[in-house]
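Please keep the sequence and the structure in view while reading.

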Amino acid sequence: MALFCNITIFPKPLVPSCSSQKTHFPKSTQNTKLDPIFKIKGPATLSGHVTISGSKNSSLALLAATLCCSGSSLLHNVPNISDVEAMASILSSLGAKVESFDGKMMVNSDGVGKVEVDLEEMRKIRGGFFVIGPLVARFGEAVVALPGGCNIGNRPVDLHLRGLRALGAVVELRDGKVWAHTANGKGLVGGRFRLDYPSVGATETLMMAASMADGITLLSNVAKEPEVVDLARFLNDSGASIEGAGGDTLVIQGKSQLYGSECVIKPDRIEAGTFMIAASITRSCISMSPVIPSRVSCLIDKLSEAGCKISQVDPHTLRVSALPALCLGDDLKSFDIKTSPFPGFPTDLQPQIMALLTTCAGSSLVEESVFENRMSHARELQKLGARIEANGNRAIVFGKDKGSSLCGSRVIARDLRGGASLILAGLAAKGTTEIHRIEHIERGYENIVTKLQNLGADIERSTLPSMPYLV
Ligand code: EPU
C-alpha cells in the first residue's frame, strides 16, 4: 500500500462506550418539525434472499430519452425512489403525460409545450440536466438551470455543452441558465466530438441528441458504463441507430423521428453491490437476484480478495458468504481500491467499501479519482469509531486489528452513497446507530428498510424532532 504525505487526521470523535451497549443522545429541544431517521441496532447477522430493484441511473436516463420519442414509451421495473419521482415531475412540468403504476412508467411527450427546466426542479435532481439533449434535438430549444456543484463535487457540464455545439446547437450561458437552440430553425447536424473525460452524463446527453441529428455522429472516449448500454438499447428499440455502446467510440446515424417503445429496466448494480457489502460487513451469507454478474465483477474480485466466498447460483443470482467458517482466512483481509470509470471500481461503491474496510484485518488505501469531494462519509464513519486518515481524495483505513471497532452513534448522511455506507457500518456496529438526513439515501434505494428487515436486520424508519444544529 502506497503511503502519502500531508495527512489530515480528523479530530477523534466522541463515541459511546460499546461495552455499555447504550447510546446517550442529548435530549431533543421542543420542536414540532419532525425529521425522518433510520435507527439500527447492531451488530446484525443477515440471512435469506433480497430482490434487487431496477437501476436508478438507467431509469433516469431512459425517462429523459422518452422525450425523444413520438407516442408512448413504457418502462417496466422502475424503482420507487425520490430521484425517479423528481425526474417524472420534470417531464410532467414540460407537458409530458406521465403515468406510474405497479413499478411501470408510461410516458407520452407528444404534448410537450415548454422547454424550460427551472432551478427549483434542478434542485430536486441534478440529473434533470440530461433532458437538455432530447429537448434541443426534438423541439429545437432548451433552457435548463445550471445544476451547479453538489455534495460530492463541482460537477461541471462543459462536456455536455461542447458536445451539443459540435452538433450545431447554439449554446449560451445567461442568468444561471443554459440556453440552447438549433440554428435558423434547422435541426441538429451530425458531427465528431471527443470527450476529454468519459463522462456518463455527457455521453448520454450526446447519444440522445445525435440520435435525432441529421447525418452521422462519431463520439469518442465515451463512457462505457452499463447504463450507457441500457440507454443505447432503448433508443435503438425506439428507432435510433447507435453502434458501439459499451466500447469507447459510438457511431450514431441520426433519424428524423423516434417512436416510443417498451423496456425492462436492468437491475441496479450499485444496489446489488451495496447488499454484497452488507453480507460482507456483517460476516453473513445472503443471496440476491436479479443481478448481472458482469456488471459487478470488479466488486466480486475485491470481495474475493478479502476472503468472501461468492458463488453464482444461476445466471442472475449471486450468493455472498462472509461467514467466518466459510471465509478463506480467519477473517476478511484488507485490500486497496482506486475508483475509475467502468469497468474500473465504481465510485458509487467507494463509501460502502470504506465502511467494510474498517472491519477488515490490516490497513487499506482508498483513492477516489472520479469525483473530487466524495469522502465526507469518512468523518461520519469516524463518529462510529472507525480509524480513517483522509486527505483530499485519498484515505488510509485502519482495520480492526489496528484498534478500530465500530460502535453505534448519531451520524449524518451527507450524500446518497455516503448514507448507504453509514447503514452498513451501523449494521456492523455494536449498539444503536441513528442516521439523520436520510432523504439522501431515499433518493436511490427502494425499500431499503424493509429489504434489510427481511434479511434479519434490526432497522427502523422513525421520526425525531428536527435538529437543525446537527452538522
Ligand atoms: N465532468 C466534467 N464535465 C462534464 C461532465 C462531467 O468535468 O461536462 C466530470 C465530473 O465533474 C466528474 C466526472 O466527470 O468529476 C464524472 O462525472 P460523470 O459525468 O461521469 O457523472 P454523472 O453523469 O454526473 C453519473 C451518475 C452518478 C455516478 C457517475 C459516475 C447518474 C444520474 N448519475 O453521474 O451516480 O457516480 O455517473 O459513474 O447517472 C449515484 O448514483 O450516487 C451517482 C452519483
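The sections below treat the domains, the ligand site, selected residues and the backbone geometry in turn.

## Model and domains

The structure is a predicted model. Its protein chain is assigned two domains: domain 1 (8–53 + 267–465) and domain 2 (56–264). The centres of domain 1 and domain 2, taken over C-alpha atoms, are 32 Å apart. In the contact between them, domain 1 takes part with 23 residues and domain 2 with 21 residues.

## The ligand and its surroundings

The ligand is surrounded by 23 residues, and the closest are Asp158, Ser199, Gly201, Asp348 and Val370.

For valine 200, a backbone N or O atom is 2.8 Å from an oxygen atom of the ligand. The side chain of lysine 56 places an N or O atom 2.9 Å from an oxygen atom of the ligand. For proline 156, a backbone N or O atom is 3.3 Å from an oxygen atom of the ligand. The ligand taken alone exposes 830 Å², of which the protein buries 89%.

## Lysine 56

Lysine 56, whose side chain reaches an oxygen atom of the ligand at 2.9 Å, belongs to helix H1. Is lysine 56 buried or exposed? Its relative accessibility is 7%, so lysine 56 counts as buried, the limit for that class being under 20%.

The side chain of lysine 56 also makes a polar contact of 2.8 Å with the side chain of asparagine 57. When neighbours within four places in sequence are left aside, lysine 56 is in contact with Pro79, Ile81, Asp83, Asp268, Leu416, Arg417, Arg443 and Gly444.

## A covered helix

How many residues of helix H10 (residues 350–357) are buried? The count is 8 of its 8 residues, and the helix is described as mostly covered. The buried residues of H10 are Gln350, Pro351, Gln352, Ile353, Met354, Ala355, Leu356 and Leu357.

Threonine 463 is part of strand S26 (residues 458–465). With a relative accessible area of 45%, threonine 463 is partly exposed. Threonine 463 and lysine 33 are 430 residues apart along the chain, while their C-alpha atoms are separated by 9.5 Å. Beyond its neighbours within four places in sequence, threonine 463 is in contact with Leu34, Asp35 and Pro36.

Valine 189 is located in the loop between strand S10 (177–182) and strand S11 (192–194). Its relative accessibility of 41% makes valine 189 partly exposed. Leaving aside neighbours within four places in sequence, valine 189 is in contact with Ala166, Leu167, Gly168, Ala213 and Asp214. Valine 189 and leucine 258 are 69 residues apart in sequence, and their C-alpha atoms are 16 Å apart in space.

## Backbone geometry

Most residues other than glycine have a negative phi, and most peptide bonds are trans. Which peptide bond is cis, with omega near 0°? That bond runs from glycine 42 to proline 43, and proline 43 sits in the loop between strand S1 (34–42) and strand S2 (47–51). Phenylalanine 342 and proline 343 are also joined by a cis peptide bond, with omega about 10°. Proline 343 is in the loop between strand S20 (337–338) and H10.

Positive phi values occur at two aspartates. Aspartate 102 has a phi of about 45°, although it is not a glycine. Its place is in the loop between strand S5 (97–101) and strand S6 (104–108), and at 70% relative accessibility aspartate 102 counts as exposed. For aspartate 175, phi is positive and near 50°. Aspartate 175 lies in the loop between strand S9 (169–174) and S10, and its relative accessibility of 67% places it among exposed residues.

Conventions:
Residues are numbered from 1 along each chain as its sequence is written. This is a predicted model: local features need pLDDT of at least 70, side-chain atom pairs count only at pLDDT 80 or more; totals for chains, interfaces and linings use all residues. Side-chain values use heavy atoms; hydrogens and water are left out. A residue is near a molecule or strand if one of its heavy atoms lies within 4 Å of it. A polar contact is a pair of N or O atoms within 3.5 Å; within protein, one must be able to donate a hydrogen and the other to accept it, and residues adjacent in sequence count only if both atoms are side-chain atoms. Accessible areas come from the Shrake-Rupley method with a 1.4 Å probe; for residues, only the protein chains shown count as cover. Helices (H or I, at least four residues) and strands (E, at least two) are DSSP runs, numbered from the N terminus. Buried means under 20% relative accessible area, exposed over 50%, partly exposed in between (1.4 Å probe, protein chains only). Contact means heavy atoms within 4.5 Å. Domain bounds come from an automatic or database domain assignment.
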